[in-house]
Amino acid sequence: MFDFINLEYATKTVFPPKEKIFNSLNYVPLDKIKVVIIGQDPYHTYGQADGLAFSCANGTPQPSLTNIFKEISSDLGLTMSGKTQLDNWAKQGVLLLNTSLTVVQGQPTSHSKCGWQTIIREIVKIINKCNQPIVFMLWGGHAKGFINILDNPNHLILTSAHPSPLSAYNGFFGCKHFSKCNTFLTQNGLTPIDWQL
């Protein structure tokens with residue numbers, strides 16, 4: 001698989017930058033994970049993908065991120081700053097993991113069948129085995145496909161529609177995942193996530 005990925009980077013424009021492919025894993029050590037949010041694949045337009053699911057490097061939020069911010073504001077009463085990079089969440093223990101870690105410019109899901117999903121599934125299995133309480137936020141059918149491997153009773157599994165404009169009104173808005181997450185963390189003696197950027 002990695003021979004294929006290296007060839008893609010050598011011959012095409014691929015996101016995120018190669019040194020940021022594993023950015024989400026580099027930010028959060030396994031024993032520090034508090035929350036796992038599973039996205040699909042990186043943004044496929046120039047300057048946006050930074051290796052963290054839903055994060056926008058260039059300051060221009062994509063519609064899904066805008067809807068995530070709307071739900072945070074509604075759920076927690078927070079005013080979001082306009083920052084679109086989510087590294088502050090990652091530093092607090094939020095693993096922003098895509099099921100494909102690379103994508104060709106202008107071609108969404110172009111690397112979805114090259115082997116990434118098998119790797120990510122194994123990573124999620126490892127996280128599931130951790131004893132510390134972890135909140136899994138599974139948004140949309142793609143992310144909900146991981147439910148069958150999340151069987152550790154220490155964890156909280158939250159599901160909803162995806163935050164994209166096509167589905168956000170079908171159950172993402174009003175899901176209150178962010179307050180539910182922080183309540184669970186507090187009940188388990190952990191510092192809640194500061195979702196304000």
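Author: Helices (H or I) are DSSP runs of at least four residues, strands (E) are runs of at least two, and both are numbered from the N terminus. The model is predicted.

Reader: Which helix gives the most to the lining of the largest pocket?

Author: H6, with 4 residues. The general idea comes first. Rolling a probe the size of a water molecule over the atoms shows where empty space is left. Here, the largest pocket holds about 510 Å³ of space. Its lining counts 25 residues, and those closest to the centre are Gln 40, Asp 41, Tyr 43, Ser 64 and His 162.

Reader: Which elements give two or more residues to that lining?

Author: Strand S2 (35–39), H3 and helix H6 (140–144).

Reader: Let us take H3. How many residues does it have, and how far does it reach?

Author: H3 spans residues 63–76, which is 14 residues. From first C-alpha to last it reaches 20 Å, close to the 20 Å expected at 1.5 Å a residue. Just after H3, Gly 77 takes a positive phi of about 70°.

Reader: Which residues of H3 are buried?

Author: An α-helix has 3.6 residues a turn, so residues three or four places apart point the same way. In H3 the buried residues are Ser 64, Leu 65, Asn 67, Ile 68, Phe 69, Glu 71, Ile 72 and Asp 75. Their cover includes helix H4 (87–91), strand S5 (135–139) and H7.

Reader: Now the rings. How many aromatic pairs are there in the whole structure?

Author: A search finds 11. One of them joins Phe 172 and Phe 173.

Reader: Is Phe 172 buried or exposed?

Author: Phe 172 is buried, at 0% relative accessible area. Phe 173, at 24%, counts as partly exposed, because buried means under 20%.

Reader: Why is the pair of Phe 178 and Trp 195 edge-to-face?

Author: Look at the angle. The planes stand at 80° and the centres lie 4.9 Å apart; planes over 60 degrees apart count as edge-to-face. Both residues are buried. Phe 178 sits in helix H7 (residues 177–187) and Trp 195 in the segment after H7, so the pair ties together parts 17 residues apart in sequence.

Reader: Which residues do the ring pairs link into a cluster?

Author: Phe 54, Phe 69, Trp 89, Trp 139, Tyr 169, Phe 172, Phe 173, Phe 178 and Trp 195.

Reader: Which residue lies over the face of Phe 146?

Author: Arg 121, at 5.7 Å from the ring centre.

Notes. Residues numbered from 1 in each chain as written. Predicted model: local features only at pLDDT ≥ 70, side-chain atom pairs only at ≥ 80, totals over all residues. Heavy atoms only, no water. Phe/Tyr/Trp six-rings, centres within 6.5 Å; stacked < 30°, edge-to-face > 60°. Buried < 20%, exposed > 50% of the residue type's maximum accessible area, 1.4 Å probe, protein only. Lys NZ or Arg CZ within 6 Å of the ring centre and 35° of its normal. Expected span 1.5 Å × (residues − 1). Contact = heavy atoms within 4.5 Å. 1 Å grid on protein atoms, 1.4 Å probe; cavity = no way out; pocket = protein on both sides within 12 Å on 5 of 7 lines; lining within 4 Å. Points joined across faces, edges and corners; volume = space filled by probe spheres on them.
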